[in-house]
Amino acid sequence: KMFNKVLLSFFDNPESVWYYAYTSALDKYSKYSLLVLLTMGTPALLNDWRNATIEFFIRTFNESLDSIKFNSVIKELENTFISTKMGSKGVIAVEFQNPSIFDFLFAFLKSNNEIITQLLKASIFTNQIFKLFSSNKLANKQSLILLTEKQIRIVESRIIEAYDRLSSSLVAQDTKNEWHRVNNTYYQTIEHFWNFALASKSDFLKELAEYEFEEKIYFSKNFN
């Protein structure tokens, strides 16, 4: 009877299975690597995930994550938490093995403000800042995580610090099964800049969003 009860509880709440596996079976490298991947969104290129994870460990723990450690992360997570898919040119992308894994990680992250702050400080892609998080009070209705005032300031500082290096890591597979960057997120990124500018009362971000929008319009009119 007890076994049946536990089994039924897993069906009612599949995220509980992942909670046990995440907290009990994974080392810290795998745990944090999954949270970095969560902020990026999937599919994500393996190399992008590696670079974002390396940056996280350097900034958070002042610790380098060499190729041996990262390969052990992939080995530990593959076919349980993640799956890998190779494109026609040999480029590998990573996805979550199951939608319930995303649901569990999202709920876990939402309840851990300190880890959110660490992830924001170490972000190297725009989607790491904007895909899961919002400065808008309607964040919960939008299935996003509402940032605190302190975290909004961190986003502002990170954008200012790394703006010239920030880019999107979002990818998709074309009809030839090749992985390529998704380029239709430009205006969405500007909109996010604008929202954060309003929330943080940052003139810099507001001017940046206006400048980027004007540049895009100019380019579209004169070179397309």
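Visitor: Is Ser-33 buried or exposed?
Guide: Buried means under 20% relative accessible area, exposed means over 50%, and partly exposed is in between, with a 1.4 Å probe and protein chains only. Ser-33 has a relative accessible area of 0%, so it is buried. One caution about the source: this is a predicted model, in which local features need pLDDT of at least 70 and side-chain atom pairs count only at pLDDT 80 or more, while totals for chains, interfaces and linings use all residues. Residues are numbered from 1 along each chain as its sequence is written, and side-chain values use heavy atoms, with hydrogens and water left out.

Visitor: Which residues is Ser-33 in contact with, leaving aside its neighbours within four places in sequence?
Guide: Contact means heavy atoms within 4.5 Å. On that basis Ser-33 touches Trp-49, Thr-53, Phe-57 and Val-73. The Ser-33 side chain also reaches the backbone oxygen of Tyr-29, at 2.6 Å.

Visitor: Where does Ser-33 lie?
Guide: Helices (H or I, at least four residues) and strands (E, at least two) are DSSP runs, numbered from the N terminus. Ser-33 belongs to helix α3, residues 28-40. An α-helix has 3.6 residues a turn, so residues three or four places apart point the same way.

Visitor: How many of the 13 residues of α3 are buried?
Guide: The count is 11 of the 13, so α3 is largely enclosed by the rest of the structure. Among them are Tyr-32, Leu-35, Thr-39 and Met-40.

Visitor: What span does α3 reach from its first C-alpha to its last?
Guide: The expected span of a helix is 1.5 Å times one less than its number of residues. For α3 the span is 19 Å, close to the 18 Å expected. Just after α3, Gly-41 has a positive phi of about 85°.

Visitor: How many salt bridges does the structure hold?
Guide: A salt bridge is a side-chain nitrogen of Lys or Arg within 4 Å of a carboxyl oxygen of Asp or Glu. The structure holds 9 of these. In one of them, Asp-48 pairs with Arg-181, and the closest N and O atoms are 2.6 Å apart. Asp-48 is in helix α4 (residues 46-61) and Arg-181 in strand β7 (residues 179-181), so this pair ties together parts 133 residues apart in sequence. Asp-48 is buried at 7% relative accessible area, whereas Arg-181 is partly exposed at 34%.

Visitor: Which residues are linked in a network of salt bridges?
Guide: Glu-55, Arg-59, Arg-158 and Glu-161 form that network. Within it, Glu-55 and Arg-158 have their closest N and O atoms 3.8 Å apart. This pair links distant parts of the chain, with Glu-55 in helix α4 and Arg-158 in helix α9 (residues 149-162), 103 residues apart. Arg-158 is buried at 3% relative accessibility, and Glu-55 is partly exposed at 21%.

Visitor: What is the mean pLDDT of the protein chain?
Guide: pLDDT is the predictor's confidence in each residue, from 0 to 100. The mean is 82, and 76% of the residues reach 70 or more. Over residues 1-11, pLDDT stays under 50, and the model has 3 contacts beyond four places in sequence for them. Residues 217-224 also stay under 50, with 4 such contacts. Where pLDDT is low, the predicted coordinates should not be read in detail.

Technical notes: A polar contact is a pair of N or O atoms within 3.5 Å; within protein, one must be able to donate a hydrogen and the other to accept it, and residues adjacent in sequence count only if both atoms are side-chain atoms.
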